[in-house]
Amino acid sequence: MNTLTTENKQTLDEKAGVKEVQPQVRVYSPNVDVYETENTILFRVEMPGVDETSVEITIEKDQLQLEGKFKMGAEEKGQVRLAEYKEGNYFRKFTISKAIDSEKAVAKMKNGILELSIPKIEPKKTKIEIRNS
(Lines give C-alpha, C1' and ligand atoms only; values in the text may rest on other atoms or scores of the structure.)
Protein backbone atom coordinates (compact mmCIF):
# COMPACT_ATOMS: atom_id res chain seq x y z
CA MET A 1 0.00 0.00 0.00
CA ASN A 2 1.33 3.41 -0.93
CA THR A 3 0.45 5.83 1.89
CA LEU A 4 2.91 8.57 0.92
CA THR A 5 1.09 11.26 -1.03
CA THR A 6 2.85 13.20 -3.75
CA GLU A 7 2.76 16.32 -1.58
CA ASN A 8 4.27 14.53 1.42
CA LYS A 9 6.93 12.90 -0.72
CA GLN A 10 7.87 16.29 -2.20
CA THR A 11 8.21 17.80 1.31
CA LEU A 12 10.37 14.90 2.50
CA ASP A 13 12.50 15.06 -0.65
CA GLU A 14 13.07 18.81 -0.18
CA LYS A 15 14.16 18.29 3.45
CA ALA A 16 16.47 15.47 2.48
CA GLY A 17 17.92 17.46 -0.43
CA VAL A 18 16.64 14.95 -2.99
CA LYS A 19 16.29 16.43 -6.44
CA GLU A 20 13.97 14.99 -9.00
CA VAL A 21 15.94 13.42 -11.79
CA GLN A 22 14.44 13.52 -15.25
CA PRO A 23 14.59 10.14 -16.94
CA GLN A 24 17.21 9.89 -19.66
CA VAL A 25 15.87 9.54 -23.17
CA ARG A 26 17.47 6.72 -25.10
CA VAL A 27 19.08 7.68 -28.37
CA TYR A 28 19.25 4.94 -30.96
CA SER A 29 21.53 4.93 -33.96
CA PRO A 30 19.35 3.50 -36.72
CA ASN A 31 20.70 1.15 -39.38
CA VAL A 32 21.21 3.02 -42.63
CA ASP A 33 21.93 1.89 -46.19
CA VAL A 34 23.27 4.48 -48.62
CA TYR A 35 23.08 3.99 -52.37
CA GLU A 36 24.57 6.28 -54.98
CA THR A 37 23.72 6.41 -58.64
CA GLU A 38 24.90 8.82 -61.31
CA ASN A 39 22.09 11.25 -60.42
CA THR A 40 20.95 10.47 -56.89
CA ILE A 41 22.02 9.60 -53.36
CA LEU A 42 19.48 7.39 -51.56
CA PHE A 43 19.38 6.86 -47.79
CA ARG A 44 17.29 3.97 -46.42
CA VAL A 45 16.91 4.31 -42.65
CA GLU A 46 15.32 1.87 -40.17
CA MET A 47 13.09 3.69 -37.67
CA PRO A 48 10.65 1.10 -36.30
CA GLY A 49 7.73 2.54 -34.37
CA VAL A 50 8.43 6.12 -35.48
CA ASP A 51 5.48 8.13 -36.74
CA GLU A 52 6.36 10.09 -39.87
CA THR A 53 5.19 13.33 -38.20
CA SER A 54 8.03 13.06 -35.68
CA VAL A 55 10.76 12.65 -38.31
CA GLU A 56 13.01 15.63 -38.91
CA ILE A 57 15.44 15.79 -41.80
CA THR A 58 17.80 18.73 -42.10
CA ILE A 59 20.60 19.52 -44.47
CA GLU A 60 22.84 22.38 -43.46
CA LYS A 61 26.04 23.06 -45.36
CA ASP A 62 27.47 19.56 -45.85
CA GLN A 63 25.70 17.92 -42.88
CA LEU A 64 22.64 15.69 -43.22
CA GLN A 65 20.84 15.10 -39.92
CA LEU A 66 18.09 12.49 -39.48
CA GLU A 67 15.97 12.39 -36.32
CA GLY A 68 12.85 10.54 -35.25
CA LYS A 69 11.03 10.02 -31.98
CA PHE A 70 9.45 6.79 -30.80
CA LYS A 71 6.83 6.86 -28.05
CA MET A 72 5.00 3.89 -26.62
CA GLY A 73 1.23 4.03 -26.57
CA ALA A 74 -0.39 5.01 -23.29
CA GLU A 75 -2.85 2.11 -23.28
CA GLU A 76 -2.74 -0.41 -20.45
CA LYS A 77 -1.12 -3.65 -21.57
CA GLY A 78 -0.81 -5.43 -18.25
CA GLN A 79 2.06 -6.05 -15.89
CA VAL A 80 5.47 -5.88 -17.54
CA ARG A 81 7.29 -9.21 -17.56
CA LEU A 82 9.99 -8.30 -20.07
CA ALA A 83 10.64 -4.88 -21.58
CA GLU A 84 13.46 -4.71 -24.10
CA TYR A 85 11.93 -2.14 -26.42
CA LYS A 86 11.88 1.34 -24.92
CA GLU A 87 10.90 4.82 -25.98
CA GLY A 88 13.62 6.92 -27.45
CA ASN A 89 14.93 8.98 -30.27
CA TYR A 90 16.67 7.94 -33.43
CA PHE A 91 19.57 10.08 -34.57
CA ARG A 92 22.17 9.88 -37.36
CA LYS A 93 24.35 12.52 -38.92
CA PHE A 94 26.24 12.31 -42.19
CA THR A 95 28.71 14.49 -44.02
CA ILE A 96 27.63 14.69 -47.63
CA SER A 97 28.97 16.34 -50.73
CA LYS A 98 27.98 19.90 -51.42
CA ALA A 99 27.14 18.87 -54.98
CA ILE A 100 23.51 18.03 -54.13
CA ASP A 101 20.22 19.78 -54.70
CA SER A 102 18.69 19.71 -51.20
CA GLU A 103 15.66 21.72 -52.42
CA LYS A 104 14.61 18.76 -54.58
CA ALA A 105 15.14 16.06 -51.94
CA VAL A 106 12.20 13.67 -51.46
CA ALA A 107 11.45 11.67 -48.30
CA LYS A 108 8.98 8.82 -47.81
CA MET A 109 8.17 6.76 -44.74
CA LYS A 110 6.59 3.31 -44.90
CA ASN A 111 6.56 0.43 -42.40
CA GLY A 112 9.26 2.03 -40.24
CA ILE A 113 11.62 2.62 -43.16
CA LEU A 114 12.54 6.16 -44.15
CA GLU A 115 13.72 6.63 -47.73
CA LEU A 116 15.42 9.90 -48.56
CA SER A 117 16.39 10.62 -52.14
CA ILE A 118 18.66 13.60 -52.81
CA PRO A 119 19.44 14.57 -56.40
CA LYS A 120 23.06 15.30 -57.24
CA ILE A 121 24.04 18.32 -59.26
CA GLU A 122 27.00 18.88 -61.50
CA PRO A 123 29.74 20.74 -59.72
CA LYS A 124 30.23 24.16 -61.21
CA LYS A 125 33.30 24.37 -63.40
CA THR A 126 35.08 27.66 -63.52
CA LYS A 127 38.00 28.34 -65.78
CA ILE A 128 40.26 31.11 -64.55
CA GLU A 129 42.33 32.96 -67.09
CA ILE A 130 45.80 34.15 -66.23
CA ARG A 131 46.22 37.86 -66.73
CA ASN A 132 49.33 39.39 -68.17
CA SER A 133 50.52 42.26 -66.06
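A search of the whole structure, a predicted model, finds 2 aromatic pairs. A pair of aromatic rings is described by the distance of the centres and the angle of the planes. The table gives these values.

| Aromatic pair | Centre to centre | Angle between planes | Class |
|---|---|---|---|
| Tyr-28 and Tyr-90 | 5.4 Å | 35° | tilted |
| Phe-43 and Phe-94 | 5.3 Å | 55° | tilted |

In the tyrosine pair, Tyr-28 belongs to strand β1 (residues 26–28) and Tyr-90 to strand β6 (residues 88–95), so the pair ties together parts that are 62 residues apart in sequence. Tyr-28 is partly exposed, with a relative accessible area of 22%. Tyr-90 has a relative accessibility of 7% and therefore counts as buried, the cut-off for buried being under 20%.

The phenylalanine pair also links distant parts of the chain: Phe-43 sits in strand β3 (residues 40–46) and Phe-94 in strand β6, 51 residues apart. Both Phe-43 and Phe-94 are buried.

A separate point concerns backbone angles. Most residues other than glycine have a negative phi. Lys-61 has a positive phi, near 55°. Lys-61 is placed in the loop between β4 (56–60) and β5 (63–70), and its relative accessible area of 72% makes it exposed. Asn-111 also has a positive phi, near 50°, and is not a glycine. The loop that holds Asn-111 runs between β7 (106–110) and β8 (113–119). With 73% relative accessibility, Asn-111 is exposed, as the cut-off for that class is over 50%.

Definitions and conventions. Residues numbered from 1 in each chain as written. Predicted model: local features only at pLDDT ≥ 70, side-chain atom pairs only at ≥ 80, totals over all residues. Heavy atoms only, no water. Helix = DSSP H or I, 4+ residues; strand = E, 2+ residues; numbered from the N terminus. Buried < 20%, exposed > 50% of the residue type's maximum accessible area, 1.4 Å probe, protein only. Phe/Tyr/Trp six-rings, centres within 6.5 Å; stacked < 30°, edge-to-face > 60°.
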